[in-house]
Amino acid sequence: MEMIIHRAASRGLEEHGWLSARHSFSFANYYNPERVNFGALRVLNDDVVKPGMGFGMHPHENMEIITIPITGALQHKDNMGNGSIIRAGEIQHMSAGTGIKHSEFNASNDEPINLLQIWLFPKEDNIKPTYGQVNFKDLLKADELIEVATPEVQEGAVQINQNAWFSLGKFSSKKSFTYTLKDKKNGVYVFIINGSIAINECDFSERDGLGITETDSIELTANSNAFVLLIEVPM
């Protein structure tokens, strides 16, 4: 097993007044040649957006864009005619394909929103753009991993244009669990949303991330109550 460790404090930081953004990988004005991507995983941004503020209409193409609100609600609009609010307990996905334009604003005028914005390189370029949104809140049970993004149609998950799987789990303190890779050639990026966990006798805390390769399974133990995101991607 090989591990690449990204401690929370080592991430890139950009402060824009209305937006506080932490970058696990090179993005915008933050560039680190050792942190450009992890296989097909290109971007993992941990954003806090002030009330009523957000990203105006802007374009993307040939990228898989996944948004997971941690707290708060996000107002989405795009040029495909979609307009919706995405709340904590939901996941949003766009295959940008040949090109999309969209805007994302904090839906609240009183409370900030914290969201994860994640980009993957697509499996196939120049496809027709698509949009998906799923509520997984009722499927998320204690001490279990659930898949919220998959390459195939699956209840409770958005379908993405990549051989990648996103799994979320909330685990009680001292609970151990095993993740088995779908493809041994893939890697897994683990991001600790809340709490702390141990992997391979190494401890990781809130907003730490690590990329794991050269294994077909991973055993994790929650040091405290923990909320964890696992992203399995082609390398």
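A search of the whole structure turns up five aromatic pairs. Rings of Phe, Tyr and Trp (its six-membered ring) pair if their centres lie within 6.5 Å, and planes under 30 degrees apart count as stacked, over 60 as edge-to-face and the rest as tilted. One of these pairs is Phe171 with Phe177, a stacked pair at 3.5 Å centre to centre and 5° between the planes.

Before going on, a word about the source. This is a predicted model, in which local features need pLDDT of at least 70 and side-chain atom pairs count only at pLDDT 80 or more, while totals for chains, interfaces and linings use all residues. Residues are numbered from 1 along each chain as its sequence is written, and side-chain values use heavy atoms, with hydrogens and water left out.

**Aromatic rings and their surroundings**

Elsewhere, ring pairs link Phe25, Phe38 and Tyr189 into a cluster.

**The open sheet and other strand pairs**

Seven strands form an open, antiparallel sheet in the order β2-β3-β4-β11-β6-β9-β12. Strands here are DSSP runs (E, at least two residues) numbered from the N terminus, and two of them pair if DSSP finds at least two bridges between them. At the edges are β2 (12-15) and β12 (130-135), each of which pairs on one side only. From one strand to the next, the twist averages 15°; the strand axes are lines fitted to C-alpha atoms, and angles run from 0 to 180 degrees between N-to-C directions.

| Strands | Bridges | Residue pair |
|---|---|---|
| β3 (19-23) and β4 (41-49) | Five | Ala21 and Asp47 |
| β7 (73-78) and β8 (83-87) | Five | Leu74 and Ile86 |
| β7 and β10 (100-106) | Five | Gln75 and Phe105 |

β7 and β8 also make a hairpin with four residues between them, and Gly81 in the turn has a positive phi of about 95°.

**The nonpolar cores**

A nonpolar core is a set of buried Ala, Val, Leu, Ile, Met, Phe, Trp, Tyr and Cys residues joined through side-chain atoms within 4.5 Å. The largest one has 30 residues, and those with the most contacts inside it include Leu41, Ile118, Phe166 and Ile231. Among the elements giving two or more residues to this core are β4, β11 (113-120) and β22 (226-234). The top contributor is β22, with four residues.

Which residues does Ile118 touch? Leaving aside neighbours within four places in sequence, its contacts (heavy atoms within 4.5 Å) include Leu41, Val43, Ile66, Phe166 and Leu229. A second, separate core of 19 residues includes Phe204, Leu210, Ile218 and Ala226.

**A loop residue**

Glu61 lies in the loop between β5 (54-60) and β6. This residue counts as exposed because its relative accessibility is 54%. Glu61 and Thr98 are 37 residues apart in sequence, yet 5.6 Å apart in space, C-alpha to C-alpha. Beyond its neighbours within four places in sequence, Glu61 is in contact with Ala96, Gly97, Thr98 and Gly99.

Terms used. Buried means under 20% relative accessible area, exposed over 50%, partly exposed in between (1.4 Å probe, protein chains only).
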